[in-house]
Amino acid sequence: MAIFAYLLGLATGVLLLIWQQHRQHRREQRLMKTLKTTDWPTAVGRVEQLVQTQPQQQRQLRSLGTSRDTLEHILQTAPIGYLQVDEENQLIWCNEQANRLLKMNQPLTGPVQRRRLLLEVARSYELDALIEEAREKQTCCQREWMLYQISPDPLHPKEEPTYPLRGYALPLDNGEVGVFLENRQEAALLVQQRDRWTSDVAHELKTPLTSIRLVAETLQPRVDDGQRRWLDRLINETIRLSNLVEDLLNLSRLQGDQFQGLTLEPVDLPQLIQRAWISLEPLAQVKGLSLTYDGPSHCLVNLDETLFHRVLLNLIDNAIKHSPSRATIFVHLTEPDRSAKASDRLSDSLTLEVMDMGSGFSAKDLPHIFDRFYRADPSRSRSDPLVDLPPVDPGVATEVGRGTGLGLAIVSQIVEAHNGTITAANHPDLGGGWLQLRLPATAQVI
């Protein structure tokens, strides 16, 4: 009986040993499979390498953690707001500036304790639309809007500050979106102060310039021919300054609270184009220029006739200045395609194109074509008339028609008031300047 018990214990021990060895073998096989090797020595070597690299990986993890903390601290102390939402537009993270700008009243800055929809904590539908746009386009998007604070208690309304915001949304991984927020209140105030100062200066300059011109014109027939050339030049420069003052006043009238709105009425646009050309034809004849119109003979459009006539004058005048002698200026009018899809905005709009055969715009000038006082062409640059005066012919008068650098800025402002857009480019075939003006299809009178 004792021998049987001994043998039974011995067999059990052998079976346990075999099972343990089999289990160890399977572990080794799994390890070698994980390490992608077929022999045990190589596997052991790779394990040793992993053990040796573990301290380095730990240091890298600590470094990444430090960098993350640093970035979080930078965002927390940044002078602009930043917030981050997940794929369901739930607020993940925000800094103190974003919390204050949007009046979100988060209990803790940084990672929020309980995720809530952004619209629940910041009632700004423009911000929500900006986030969706960035997520759909998968590119950085920008938008400006006025933030109107809504009182949470309708029974006790409270006046909240309203200010302009600018948002920059950028798509992140896993459907998340980060948004930088900038308060534009100070910039808007600076623009208002600049416009007010410009308007005041223009008003103050208008009267003395008119007086100088009247005095010069009174003296003109009373001096001899040699001195009269100087008066001619004085009158021309006075007219140029008067034009500059008038352009500044026109810009001031089109901006801010001074703008009285548009006086819209049905206008035959082709006839208005013809009237603008007739007004500028004497200038064009000096260079032997002609106008080629392509488009419908009649097209009624709801426009402010006076302002849009100024648009056409400035566009055609710009083409005249940049055209070589005996060239052609092209004006192309395209009516909206009523059968086009709603998403095709280019076809579903009234398009007016003015093209010249000059040298075109340089690449560095194109982004600034519609900026105030910007001159893309060197011939428009200001110069001192007395310094440039040739000594052999001191009576040569300067060109009265030199631009003030405000013509296209006024065009852009008037077109924007009509809910339209205008772009500048170089024509692919003609090579000259190509100004494209688009008005919404609803502006056309059927």
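This passage describes the overall make-up of a predicted model and then a few of its local features.

The structure is a predicted model in which local features need pLDDT of at least 70 and side-chain atom pairs count only at pLDDT 80 or more, while totals for chains, interfaces and linings use all residues. Residues are numbered from 1 along each chain as its sequence is written, and side-chain values use heavy atoms, with hydrogens and water left out.

The protein chain holds 10 helices and 13 strands (DSSP runs numbered from the N terminus, with H or I over at least four residues for helices and E over at least two for strands). Of its 446 residues, 36% are buried; here buried means under 20% relative accessible area, exposed means over 50%, and partly exposed lies in between, with a 1.4 Å probe and protein chains only. Among contacts (heavy atoms within 4.5 Å) with a separation of 6 or more, 64% join residues 24 or more positions apart. The mean pLDDT, the predictor's confidence in each residue from 0 to 100, is 79 for the protein chain, and 76% of the residues reach 70 or more. Over residues 379-402 the pLDDT is below 50, although this stretch still has 39 contacts in the model beyond near neighbours in sequence.

Leu127, Asp128, Leu130, Ile131, Glu133, Ala134 and Arg135 are the buried residues in α5, and the partners against which the buried residues pack are β1, α4 (118-121), β4 (141-147), β5 (163-171) and β6 (177-183). Asparagine 89, in the loop between β1 (81-85) and β2 (91-94), is buried at a relative accessible area of 7%.

Turning to the cysteines, the count of disulfides is zero, where a disulfide is a pair of cysteine sulfur atoms within 2.5 Å. Cysteine 140 is in no disulfide, and the nearest cysteine sulfur, that of cysteine 141, is 6.7 Å away. That separation is too far for a bond. Cysteine 140 counts as exposed at 53% relative accessibility, whereas cysteine 141 is buried at 6%.

Helices α8 (residues 269-287) and α9 (residues 305-322) form a pair whose axes come within 9 Å and cross at roughly 35 degrees; the axes are lines fitted to C-alpha atoms over the stretch in contact, with angles from 0 to 180 degrees between N-to-C directions. The crossing is right-handed, meaning that the near helix is turned clockwise from the far one by less than a right angle. Residues meeting across this pair include Leu272, Ala276 and Leu280 in α8, and Phe308, Leu312 and Ile316 in α9. Alanine 276, in α8, is buried with a relative accessible area of 0% and touches His309, Leu312, Leu313 and Ile316, not counting residues up to four places away in sequence. From α9, aspartate 317 is in contact with Leu280 and Leu283, leaving aside neighbours within four places in sequence. The C-alpha atoms of aspartate 317 and leucine 283 are separated by 8.5 Å.
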